[in-house]
Amino acid sequence: MKVYEALAEAFVKEGTSDVFGMMGDANMHWMAALADRGVRLYEVRHEGSGLGMADGWARGAGQPGVVTTTSGPGVSQLATSMIVASRARTPLVAFCGETALGDEGATQYLDQRRFAAAIECEFIRVTRPENAQEAVRRAFYLARTESRPVMISAPFDVQITELDDYDEDFAPSTALIEKTRLLPDPARLEAACDLIQDAKRVVIIAGRGARGADAGEEILALQERTGALLATTLQAKNWLCDRTDFHVGLSGLFGDKLSMELLQEADCVIAVGASLNHYTIESGYLYPEANYIQIDTAPHLVMGNGKVADCYLQADAVTALAELTRALQDRSVRLEGFHTDQVKEHLSARVQQPEYVREPGRLDPREAIWILDHELPGDMGLVLGSGHQTDFGTMLFQRSRDVLSNYGMFGAIGQAPLIALGQMIARGNKPGFVVEGDASFLMHLSEFETACRYDVPLLVVVMNDQGLGAEYHKAKAKGLDPDLATISTPELGAVAQALGGGGATVRTAQELRDALARYVREPRPTVIDVRITREVLSTPYRRIQYGEDV
């Protein structure tokens with residue numbers, strides 16, 4: 001058996017079913033061996049795009065995604081997407097070919113170890129045939145246990161070497177990982193109960209960790225007993241909003257004014273699987289009088305105000321919440337808190353539509369988001385990108401649906417359609433949509449052709465202000481010439497059709513509804529180019545750039 005075959009076999013045993021990337025001299029034998037073993041290979045138009053798709057696949061499947069490149073330039077193309085995956089804490093394995101071991105004069109030579117360190121990626125090199133299988137197991141073990149990307153660098157001359165002592169009983173990393181619940185310390189549990197019992201206004205903030213642990217029922221039970229408002233972080237947007245009348249949406253910068261007015265009254269904040277970064281708690285200004293209880297599996301966390309929680313419970317979310325609710329019940333603690341008709345009436349005003357800006361040939365982005373939210377089925381997943389236009393969707397999507405946000409992950413635009421493609425493939429190609437800006441979408445336009453080639457029914461909604469929206473509004477705020485940030489774009493609906501998909505360019509609310517209806521009737525790779533006005537500034541930008549309380 002050749003080393004590349006042993007490597008491929010080890011990937012299969014680790015559970016690899018889909019691989020994204022581009023074929024080259026230094027990875028083609030490995031890819032061929034995977035294809036022989038039934039693994040689906042997705043050839044992309046750019047290696048960094050392949051990594052973005054593997055990132056999305058991992059987030060959708062809940063296990064490590066896999067990307068592959070050839071040596072040198074293939075590896076260097078991974079830079080931006082790798083840092084995004086690292087900042088998102090995505091478990092991912094990159095199989096990268098390498099020039100012959102020690103041949104620094106080769107055309108495609110790159111010091112791949114140093115490069116991996118620079119792009120925040122763990123590095124493992126296959127230096128000898130006999131350590132090939134162990135290299136794969138170690139890579140997947142690190143990806144799974146540390147939730148991070150890992151690069152396997154495989155010199156081509158080592159790959160084509162014969163492996164004499166192949167281990168047919170190779171045990172994958174999953175055999176080394178015990179899934180046990182981390183129980184809360186009893187003394188800290190009692191301390192948390194003391195803080196809650198003394199509180200009058202409790203807020204529960206649910207984060208990505210809570211959602212990933214499927215702790216919804218336990219959160220709702222604790223909310224009911226404590227009379228708490230339920231807020232989420234950006235990575236758990238709209239989760240459980242259809243299960244309670246006292247859901248206030250996002251905590252922090254992207255929260256609406258009505259919700260913030262209530263959240264500022266909190267005297268106890270219970271964070272579940274949420275890091276409480278400075279965006280979530282507004283660097284501490286959002287909850288000025290609150291004591292913090294934090295539940296997380298990490299040994300410790302420092303919050304966005306530079307402090308540690310008043311009571312930190314290192315524990316599994318489901319177990320900790322169930323134990324906390326039971327302990328409060330044993331003490332006969334039940335708070336009314338925020339659960340009043342007055343608070344419910346206050347929150348009802350959140351769903352009212354504003355007065356939209358009317359500009360011929362362009363939609364108000366707030367109206368566009370409202371139409372998307374109501375016209376697209378709730379079971380369609382949503383991926384949100386980065387940039388000014390994304391702020392509207394981040395704040396205004398209200399329906400209960402699976403939402404994944406790439407906001408704040410290195411601040412890189414253009415990643416969302418890639419992540420959406422990978423996530424949809426992981427979930428069986430069910431229809432899904434992504435909301436992006438025009439500059440962001442055009443950055444990886446070629447990958448829409450990849451969606452068409454593999455018949456992935458992705459709906460790309462391009463909020464098109466024909467410019468760099470964030471820079472346009474920042475320039476206006478700073479007294480610079482905003483027109484320097486304007487860039488004209490072609491009719492992207494027609495471009496999508498030319499690439500083999502569906503497409504439309506829309507300039508009115510009815511045109512948008514009609515285009516959405518066509519997609520819902522017949523889901524296929526589709527781009528809807530929504531021409532929006534530049535006259536509307538998003539709420540976060542009004543707060544940051546002008547200090548307005550909105």
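In which helix is the place of Thr-450? The close-up views below, taken from a predicted model, begin with this residue.

**View 1. Thr-450 in helix 19.** Thr-450 has its place in helix 19, which comprises residues 446-453. Its relative accessibility is 3%, and Thr-450 therefore counts as buried. When neighbours within four places in sequence are left aside, the contacts of Thr-450 are Glu-43, Val-44, Arg-45 and Met-53.

**View 2. Leu-51 in helix 3.** Helix 3 spans residues 47-61 and includes Leu-51. Because the relative accessibility of Leu-51 is 0%, this residue counts as buried. Apart from neighbours within four places in sequence, Leu-51 is in contact with Val-67, Leu-78, Ser-81, Met-82, Ala-85 and Leu-92.

**View 3. Leu-51 and Asp-481.** The C-alpha atoms of Leu-51 and Asp-481 lie 36 Å apart in space. In sequence, 430 residues separate Leu-51 from Asp-481.

**View 4. Helix 15 and its buried residues.** Helix 15, formed by residues 365-375, is mostly covered, with 8 of its 11 residues buried. The buried residues are Pro-365, Arg-366, Glu-367, Ala-368, Ile-369, Ile-371, Leu-372 and Asp-373.

**View 5. Packing partners of helix 15.** The buried residues of helix 15 pack against helices as well as strands. The helices are helix 16 (388-396) and helix 22 (509-521). The strands are strand 15 (432-437), strand 16 (458-464) and strand 18 (526-531).

Technical notes
Residues are numbered from 1 along each chain as its sequence is written. This is a predicted model: local features need pLDDT of at least 70, side-chain atom pairs count only at pLDDT 80 or more; totals for chains, interfaces and linings use all residues. Side-chain values use heavy atoms; hydrogens and water are left out. Helices (H or I, at least four residues) and strands (E, at least two) are DSSP runs, numbered from the N terminus. Buried means under 20% relative accessible area, exposed over 50%, partly exposed in between (1.4 Å probe, protein chains only). Contact means heavy atoms within 4.5 Å.
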